[in-house]
Amino acid sequence: MFKGAITALITPWDSENRLNLKELEHLLDFQLNNGINGILLAGCTGESFTIEEYEWVEMLEKAREICKGRVPVIIGAGSSSLSRAKHMARLAKEHGAYAILVITPYGNKPNQEGMYKYFMEIADIGIPVILYNVPSRTGSNLLPETVIRLAKHPNIVAIKEASGSVDAISAILSECDITVLSGDDSLTLPMMAVGAKGVISTVSNIMPRETSEMCSLALNGDFLSAAKIHLKLFPVIKVLFVEGNPAPLKAAMKLMGLSDGYLRPPLAPVSEKNLELIRKTLEKAGLI
């Protein structure tokens, strides 16, 4: 169902901290014109923790209007609250999302059984679910044995694995056939070497064609050619995480003329030192 490069799109704000739908349209056109394989709205890169429900609906409707079914439109729908996550899953289904990305509950740190029940109840809503394991943001690690249990649900179709562990992917794929997508840009190629089908990507906000091409080459078994693109992407990937994502990414996109680069508090612009580092890295990569 999912393969290749799926962009975890930024959420564009205007100077008064409102959702900028005009910029969103430009960002979507840029992605579609550069061969991306899917769009994720309201993920962590999209500052999901700060988005109001009406803004979430507006983004989804705009993305569906622009994409016109050419690529899957996925939207983040997880929460620390099961009832809230189920509400967002129903809303996503109502407004025509292709699938939802459901993060492990953050802050309250449930055990494996708690996470298993959380995901199973959300999957029962009747929309395709992509599990999202990102311990660095949530404080909880969805273990391979729990993923293997969850994969038996017909609506749980994939996992975005951002624990940084190739071993975890190997363990999952050795026991079930769930689609695995990398959640770490720098590990996409190694993860695809052991069976992942692609990436939900940050760097593809600014390098969608390269990210998509790398994934396509890897899916076709040409890892040597894919590695050449990976090495081109690598320094850009690293600089995009010099501070908490998406502040460096939005700084890069502003330098490239792709976005106004506004962040919603409590996020703040990167330091002058890191801005200069981002600038130099983009210049070296030929992006500005």
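A: One term before we start: a crossing is called right-handed if the near helix is turned clockwise from the far one by less than a right angle, and left-handed if anticlockwise. Also, this is a predicted model.

Q: Thanks! So which way does helix 2 pass helix 3?
A: Helix 2 passes helix 3 in a right-handed crossing. Their axes come within 11 Å and cross at roughly 30 degrees.

Q: And what does that make them to each other, roughly parallel or roughly antiparallel?
A: Angles under 35 degrees count as roughly parallel, and helix 2 and helix 3 are therefore roughly parallel to each other.

Q: Which residues make the contact?
A: Helix 2 brings Glu53, Trp56, Val57 and Leu60, while helix 3 brings Arg84, His87, Met88, Leu91 and Ala92. By class, that contact has six nonpolar, one polar and two charged residues.

Q: How about helix 1 and helix 2, at what angle do they pack?
A: The angle is about 40 degrees, with the axes 10 Å apart. That makes helix 1 oblique to helix 2. The crossing of helix 1 past helix 2 is right-handed, and its contact has eight nonpolar, no polar and four charged residues.

Q: Switching topic: which residues touch the most other members in the largest nonpolar core?
A: Trp56, Ile100, Leu131 and Ile206 do, in a core of 84 residues. Helix 2 gives the most to this core, with seven residues.

Q: What does Trp56 touch?
A: Leaving out residues up to four places away in sequence, Trp56 touches Ala42, Ile51, Ile75, Gly76, Ala77, Met88, Leu91 and Ala92.

Conventions. Residues are numbered from 1 along each chain as its sequence is written. This is a predicted model: local features need pLDDT of at least 70, side-chain atom pairs count only at pLDDT 80 or more; totals for chains, interfaces and linings use all residues. Side-chain values use heavy atoms; hydrogens and water are left out. A nonpolar core is a set of buried Ala, Val, Leu, Ile, Met, Phe, Trp, Tyr and Cys residues joined through side-chain atoms within 4.5 Å. Buried means under 20% relative accessible area, exposed over 50%, partly exposed in between (1.4 Å probe, protein chains only). Helices (H or I, at least four residues) and strands (E, at least two) are DSSP runs, numbered from the N terminus. Contact means heavy atoms within 4.5 Å. Axes are lines fitted to C-alpha atoms, for helices over the stretch in contact, and angles run from 0 to 180 degrees between N-to-C directions. Angles under 35 degrees count as roughly parallel, over 145 as roughly antiparallel, 65 to 115 as roughly perpendicular and the rest as oblique. Ala, Val, Leu, Ile, Met, Phe, Trp, Tyr, Cys and Pro count as nonpolar, Asp, Glu, Lys and Arg as charged, and the others, Gly among them, as polar.
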